[in-house]
Amino acid sequence: EISVGMLMQMDKLVQLLESPIFTHLRLQLLEPQCYPFLLKSLYGIMMLLPQSSAFNQLKSRLESVSNLGLLNCIPQSEYALPSNPSIKDKERASLNFQELLQVFQSVQEKHQARRQKVYRDTSMLKTMVEHRD
C-alpha cells in the first residue's frame, strides 16, 4: 500500500535525481542499452507518483531519453544475457597490462617532472622579484 509518507519520499528522490550530485546517473540514462534497469526503475517510480511537480520533472527527464534506445535495451544488457565467456573476457586476456603500466608510469613521471620545473621556475621568479625590491 502506498502511503503519503512513501509518496513524499519518492518526491524527495526525484528532486535528488535532479541535483548536481546525480549528474552521472542522469548521463547513464543516455545509454539505455547499458542501463536498462535504471530506466525501468525510474518509469516504475513515475507510475507510482501522482501528477505533481515531481511527476512532471521525472516525465520530462524520461521523455528526453531516445525512444530508439528503449527498443533494444534489454537484449543488449549484460545482465539479461545468459552467462557465457564474453568478448570482453577475450579482449582482457589479450591486453598486455605490464606494457600499459609502463606507459602509465612514464606519463606520470613526465607530469611530475613538469610540475617540479614549473614550481622551480615560479620560485626563481619570486626570488628575483624579491631581490629587486
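Helices here are DSSP runs of H or I, at least four residues long, and they are numbered from the N terminus, as are strands (E, at least two). Keep that in mind for the labels.

Now the source. This is a predicted model, where local features need pLDDT of at least 70, side-chain atom pairs count only at pLDDT 80 or more, and totals for chains, interfaces and linings use all residues. Residues are numbered from 1 along each chain as its sequence is written, and side-chain values use heavy atoms, with hydrogens and water left out.

Let's start with the cavity. By cavity I mean a set of points, on a 1 Å grid over the protein atoms alone, where a 1.4 Å probe fits but cannot get out; lining residues have an atom within 4 Å of a point. Grid points are joined across faces, edges and corners, and the volume is the space filled by probe spheres set on the points.

How many cavities of 30 Å³ or more does the structure hold? One. The largest cavity has a volume of about 50 Å³. What lines it? Val14, Leu17, Glu18, Leu25, Arg26, Leu29, Leu42, Leu58 and Arg61. Helices α1 (4-17), α2 (23-28) and α4 (53-63) each supply at least two of the lining residues. By class, the lining has six nonpolar, no polar and three charged residues. Nonpolar covers Ala, Val, Leu, Ile, Met, Phe, Trp, Tyr, Cys and Pro; charged covers Asp, Glu, Lys and Arg; the others, Gly among them, are polar.

The criterion is a side-chain nitrogen of Lys or Arg within 4 Å of a carboxyl oxygen of Asp or Glu. The structure holds three.

Glu18 pairs with Arg61, closest N and O atoms 2.6 Å apart. Glu18 sits in the loop between α1 and α2 and Arg61 in helix α4, so this bridge ties together parts 43 residues apart in sequence. On accessibility, buried is under 20% relative accessible area, exposed is over 50%, and partly exposed is in between (1.4 Å probe, protein chains only). Glu18 is partly exposed at 26%. Arg61 is partly exposed, at 26%.

Next, Lys59 and Glu63, at 4.0 Å from N to O. Both lie in helix α4, four residues apart, about one turn. Lys59 is partly exposed at 36%; Glu63 is exposed at 55%.

Lastly, Lys117 bridges to Asp121 at 3.0 Å between the closest N and O atoms. They are four residues apart in helix α7 (residues 97-132), about one helical turn. Lys117 is partly exposed at 39%, and Asp121 is partly exposed at 32%.

Notes. On a 1 Å grid over the protein atoms alone, a cavity is a set of points where a 1.4 Å probe fits but cannot get out, and a pocket is an open set with protein on both sides within 12 Å along at least five of seven lines; lining residues have an atom within 4 Å of a point.
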